[in-house]
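The sequence and coordinates are shown below for reference.

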2 protein chains.
Amino acid sequence: MDLDALRTAHPDHWKMASAIRALALDAVAAANSGHTGMPLGMADIATVLFRDHMSFDPKDPEWADRDRFILSNGHGSMLLYALLHLTGYEEFTIEQLKNFRQWESITAGHPENFLAKGIEVTTGPLGQGISNSVGFAIAEESLRARFGNKLVDHWTWVFAGDGCLMEGVSQEAIALAGHLQLSKLVVFFDHNSITIDGPTSLADSTDQVARFEASGWHVQQIDGHDPEAIGKAIEAAKADPRPSMIQCETHIALGHAAQDTAKGHGALTDPDQLAAAKEAYGWTGGPFEIPGDIKSMWEATGERGVAAHKDWQGRLEATSAGKRSKFEAAMSGEIPNKLTSTIRALKKQMTESAPKLATRASSEKALEVINPVVLETLGGSADLTGSNNTLTADLGIFDAENRKGRYIHYGIREHGMAAAMNGMALHGGVRPYGGTFFTFTDYARGAIRLSALSHAPVVYVMTHDSIGLGEDGPTHQPVEHLAMMRATPNYVVLRPADAVETAEAWEIALLRKNGPTILALSRQGLPTVRTEHKTKNLSAQGGYVLAEAEGKRQAILMATGSEVSVALAAREALQAEGIGTRVVSMPSMELFAQQEESYRKRVLPGSAVRVAIEAGVRQPWDRWLLGERGREAKAGFIGMDSFGASAPAGELFEQFGITSEATVAKVKELLG
Amino acid sequence: MDLDALRTAHPDHWKMASAIRALALDAVAAANSGHTGMPLGMADIATVLFRDHMSFDPKDPEWADRDRFILSNGHGSMLLYALLHLTGYEEFTIEQLKNFRQWESITAGHPENFLAKGIEVTTGPLGQGISNSVGFAIAEESLRARFGNKLVDHWTWVFAGDGCLMEGVSQEAIALAGHLQLSKLVVFFDHNSITIDGPTSLADSTDQVARFEASGWHVQQIDGHDPEAIGKAIEAAKADPRPSMIQCETHIALGHAAQDTAKGHGALTDPDQLAAAKEAYGWTGGPFEIPGDIKSMWEATGERGVAAHKDWQGRLEATSAGKRSKFEAAMSGEIPNKLTSTIRALKKQMTESAPKLATRASSEKALEVINPVVLETLGGSADLTGSNNTLTADLGIFDAENRKGRYIHYGIREHGMAAAMNGMALHGGVRPYGGTFFTFTDYARGAIRLSALSHAPVVYVMTHDSIGLGEDGPTHQPVEHLAMMRATPNYVVLRPADAVETAEAWEIALLRKNGPTILALSRQGLPTVRTEHKTKNLSAQGGYVLAEAEGKRQAILMATGSEVSVALAAREALQAEGIGTRVVSMPSMELFAQQEESYRKRVLPGSAVRVAIEAGVRQPWDRWLLGERGREAKAGFIGMDSFGASAPAGELFEQFGITSEATVAKVKELLG
């Protein structure tokens with residue numbers, strides 16, 4: 001590249017872009033770690049976007065109607081931190097840039113939304129950001145339909161790299177965005193043709209332009225270092241009714257000795273090469289130093305949105321009080337107080353009618369009363385609507401024609417669904433929930449983990465939660481998935497036993513503001529085990545005494561979900577033989593672990609044998625079987641230690657020995 | 001559809017296809033469960049393929065040079081079972097079809113390769129089969145390059161549905177297949193435009209023809225019920241040097257009242273509708289009954305491959321003894337005896353030189369001696385070659401030009417890589433291993449689980465196995481992944497502590513024939529802890545005493561991987577204070593659990609406090625901390641209970657308290 005020509009053609013632009021490049025070089029060098037090449041390659045695009053097009057106000061990073069900027073190629077995090085610093089986001093001081101990738105800095109290796117305002121979403125695992133962005137754009141459309149374009153009218157801008165587009169989740173995302181015609185979504189594809197292993201030609205020959213076009217996108221190809229071309233492309237993208245992809249031909253590590261090489265992807269810390277690159281840019285500032293004229297231009301960029309923000313504030317103030325309070329409540333993530341009384345009424349009704357219902361059907365009953373009260377819910381399923389019981393009558397379908405719909409047919413795209421839901425939750429104003437079979441947690445794990453890490457209040461409606469799904473067989477039968485999810489930090493995993501616990505589980509899930517919830521629900525019908533009405537949400541304690549021992553307490557049975565009724569049947573048989581047996585329902589181990597030790601000891605006192613019953617692997621149970629004063633000689637497990645099999649559900653429970661008879665036998669064996 | 005016209009145009013073809021349809025209708029009705037619509041829709045394609053093109057011999061389902069048939073839309077399993085029955089695969093009796101989806105039948109809800117010969121791969125989770133098929137085609141190309149086309153020259157045929165193509169993993173697979181120009185791979189896309197939720201138009205607008213073309217495929221569009229068109233398309237696919245996709249316009253549940261509807265996707269069991277469908281086909285046989293003339297036509301189809309098989313056998317016998325034995329050893333999955341002496345020599349060298357090496361680098365050292373001895377290895381990485389240390393000097397790159405290469409640049413496609421490796425392992429003749437960061441297990445979980453379920457001996461080289469990766473931060477730091485993988489049935493998870501254990505881990509992995517292995521390897525340098533040479537593979541015991549207590553044994557420290565040296569340092573400090581401390585290295589909990597109880601008790605006797613140290617969550621440790629005669633009051637854990645953070649690795653271990661000092665303090669606290 002002829003840098004001089006670029007500089008001469010657009011001197012002010014060049015200076016501004018050079019500021020990003022200089023800061024990226026300095027911060028990576030200071031950390032001796034990071035990725036320099038992407039910020040050097042995308043600085044021109046970022047400069048044009050932020051300077052001339054993006055609507056934002058650094059003084060109020062949480063302005064509801066700001067444009068959203070998603071850095072899908074999150075390893076280039078210094079690009080984002082440089083932009084936030086230069087445009088005047090308060091938290092992003094020069095000290096923070098100097099502490100790039102250090103303990104307790106907000107400038108982590110990859111952008112982490114929970115560390116500072118201005119970072120919209122946690123990225124780094126490739127393909128996530130572009131897939132989150134679909135959720136951001138859906139949330140914007142949905143809120144615009146609900147509150148009107150005076151309050152909601154913003155864009156979602158995405159930077160994505162070759163790696164993002166190689167990841168399969170990106171195909172799910174672009175197909176969904178194209179289908180839904182999310183016209184306010186614009187992706188800049190950093191087409192530098194370099195990955196870690198070398199040129200992309202080592203592993204890829206895909207024509208991305210044709211691929212996006214095949215999914216209904218508006219596509220342009222431009223020189224990613226030409227500010228005029230970038231600006232024109234943005235205008236054209238805005239004018240087109242389809243989502244837009246702008247393939248930007250760029251040079252990774254522009255102007256550095258490592259330009260256009262795989263080395264350029266990583267940390268460029270050689271001091272001489274660094275100095276040479278700065279010289280090539282014509283950069284005169286010292287390390288972490290921005291010359292005054294360039295600083296001013298960036299400050300002006302940061303102030304450009306103030307007027308638009310003010311106008312918007314005026315429109316908000318002119319909005320009727322009722323509408324405004326609804327809008328503000330939605331954006332704050334508050335759940336209407338009415339939810340609690342609604343859930344209580346449902347619990348009462350369920351206790352009284354005591355239906356035999358699959359918990360997935362109980363979940364539908366809960367949604368039927370929740371969705372009319374919590375108008376922020378945006379439901380959906382990865383093509384298992386009838387099986388996941390996720391669609392209620394009042395929602396309507398969200399699609400290209402109907403933005404007021406509150407239900408999304410995600411197609412057979414579990415990963416794309418989860419990533420989109422993360423985007424919706426982090427956009428704010430909507431509360432996404434989505435369903436698939438519990439075993440397909442596997443397909444969506446990349447995004448499911450990020451729900452927890454990024455504090456996104458997503459609700460996963462995971463049905464068919466065990467061998468109880470029957471004939472579809474081991475490919476569809478989760479066995480290790482409860483263990484997986486319980487091992488994942490910041491998850492609440494709830495496996496309710498009946499319609500009452502399912503209602504409680506939904507209340508818990510919706511009241512969570514800082515993290516995701518997994519509901520593990522049965523395919524098969526389950527009897528009502530909570531036959532006495534309690535207004536209190538007992539499931540919120542994680543575990544509680546469901547049935548007390550009569551006579552001397554010799555055994556404690558713990559169970560979740562479909563196995564709670566197995567435990568109750570075992571208790572009945574044991575009591576008939578004079579063996580006092582308590583049953584503890586344990587819908588959520590995480591919530592139980594959060595209770596006071598005294599409560600836990602009351603629920604699980606030491607002086608009895610313990611048997612846990614769950615149609616999954618034992619791993620998460622050892623703590624409750626053996627800990628809290630238990631001992632191995634006094635503890636047993638009834639569950640799975642292999643994959644399942646294809647047969648009717650009843651037969652599977654028999655064959656795998658998950659029955660009340662087996663439980664009774666285990667208790668007796670432990671009692672000796 | 002005008003069935004009469006179809007029948008009249010090709011009467012014999014129609015009869016044969018009707019046999020598949022009748023069996024699918026009968027079996028699903030008998031099971032009252034399953035998916036009828038796909039077999040009814042794809043019967044014509046299957047009939048043409050099996051009758052006129054596919055090379056197979058039902059008398060020898062494991063004939064090495066057979067064509068492979070992959071049912072990616074595995075819910076249509078009755079199509080496969082019907083074909084296997086009709087063409088004469090011995091195990092697929094009519095009784096088995098009558099027992100579709102019943103306990104211990106081989107006719108499971110979805111095809112399970114380990115239940116019977118003739119089923120190549122376990123499918124059902126959508127998108128897997130088409131992605132496995134890329135591995136099958138790679139294995140064929142690789143073996144052909146190694147052994148010549150007299151011994152290896154076969155096709156991989158795939159049936160895939162809308163769901164398979166919506167799953168992101170399919171994009172990874174088609175991009176890879178197009179890039180590698182896998183010309184002997186042919187995919188029939190069942191374009192029936194119906195999914196479970198309804199018409200595909202609910203969720204998708206992708207032009208699949210354009211999408212496959214964008215990835216370098218040869219694409220055709222045909223009427224999937226016209227046998228002539230199907231035959232011609234197959235010929236054209238074979239003639240083209242690219243992988244081929246044939247988009248077949250079909251009618252789901254053809255001829256049934258539920259034709260072209262979402263209901264048609266599922267179990268069609270209504271007896272009147274079933275009878276009407278059979279009548280529309282002109283079907284005269286009773287339930288599970290095949291009229292003699294049709295039976296004969298299918299038997300002839302089953303015998304068509306006998307001559308080709310015989311010819312091939314002649315060519316095998318004419319092959320030189322040396323080449324033949326190498327070919328047969330490769331196909332049998334045998335690992336050369338020389339591996340053991342090779343590993344021993346490496347261990348001796350590592351013990352003597354006692355390097356400080358990251359275990360990922362130790363893994364490279366192991367591969368450097370393994371790859372020249374085990375010529376079946378096919379290595380690769382999802383664009384982290386230099387980080388995963390997976391490429392050794394002698395391998396060469398497998399690409400469109402060089403089929404002799406033994407290393408694959410998979411691109412940033414973890415899921416596609418894992419699925420392709422499953423395909424390679426199940427094809428046989430090659431031993432795939434592939435690398436990525438351990439945390440990206442999440443991206444590949446869909447296929448990683450199927451490695452275990454389908455008994456595929458795949459080796460996952462998962463580096464950067466903890467917060468020890470440092471600055472990249474929590475998105476890249478596994479925390480729950482050891483727990484996840486240990487919870488998954490049929491996995492061996494190995495987290496070696498040094499170069500010696502890493503060599504042992506590779507030996508264990510390669511000697512596994514019936515399941516996958518995960519190697520969790522450090523980014524950071526680790527000292528050699530096995531300073532005394534033992535020829536025996538100690539890691540194969542799962543856990544063993546690495547350092548004995550001096551004096552009275554008061555504490556046992558258990559650790560894996562990078563934390564073993566932390567345990568040793570803690571032991572030194574404790575011993576200095578007179579506290580006798582044993583260190584147990586536990587590279588694999590699964591292997592330790594498989595040892596005799598007497599061995600386990602010798603390693604973990606009851607009379608000492610126990611502390612486990614591992615930079616992951618506690619969940620899998622409770623068994624070893626609390627079980628085997630331990631008690632909570634005497635057990636502690638030093639590890640993670642949250643996500644990690646972005647900072648240099650050394651600081652992270654300090655901040656999260658995973659240090660010898662913290663271990664010493666915990667032991668003292670427990671001793672009181």
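**Interface and core of the predicted model**

Across the interface of chain B and chain A, 55 residue pairs are in polar contact, both residues of each pair being at pLDDT 80 or more. The model is a predicted one. Helix H19 of chain B (residues 441-453) contributes 8 residues to the side of chain B that touches chain A, the largest share.

**Composition and extent of the interface**

- The side of chain B that touches chain A consists of 38 nonpolar, 36 polar and 25 charged residues.
- Chain B and chain A each bring 99 residues to the contact.
- The size of an interface is often expressed as the accessible area lost when the parts come together.
- Between chain B and chain A the buried area is about 7900 Å², with 57% of that area given by carbon and sulfur atoms.
- Of the area that chain B buries against chain A, 11% is supplied by Trp103(B), Tyr443(B) and Arg449(B), more than by any other three residues.

**Salt bridges**

- Chain B and chain A are linked by 12 salt bridges.
- A salt bridge joins Glu480(B) to Arg449(A), and its closest N and O atoms lie 2.8 Å apart.

**Nonpolar core**

- The largest nonpolar core has 104 residues, of which Met558(A) and Met558(B) touch the most other members.
- Not counting residues up to four places away in sequence, the residues that Met558(A) touches include Val584(A), Met586(A), Leu604(A), Ile613(A), Trp621(A), Trp624(A) and Leu625(A).
- Arg610(A), Val611(A) and Ala612(A) are also among the residues touched by Met558(A).

Technical notes. Residues numbered from 1 in each chain as written. Chains lettered and ligands numbered in written order. Predicted model: local features only at pLDDT ≥ 70, side-chain atom pairs only at ≥ 80, totals over all residues. Heavy atoms only, no water. Contact = heavy atoms within 4.5 Å. Buried area = accessible area lost by both parts, 1.4 Å probe. Salt bridge = Lys/Arg side-chain N within 4 Å of Asp/Glu carboxyl O. Polar contact = N/O pair within 3.5 Å; in protein donor to acceptor, adjacent residues only side chain to side chain. Helix = DSSP H or I, 4+ residues; strand = E, 2+ residues; numbered from the N terminus. Nonpolar A, V, L, I, M, F, W, Y, C, P; charged D, E, K, R; others polar. Core = buried A, V, L, I, M, F, W, Y, C linked by side-chain atoms within 4.5 Å. Buried < 20%, exposed > 50% of the residue type's maximum accessible area, 1.4 Å probe, protein only.
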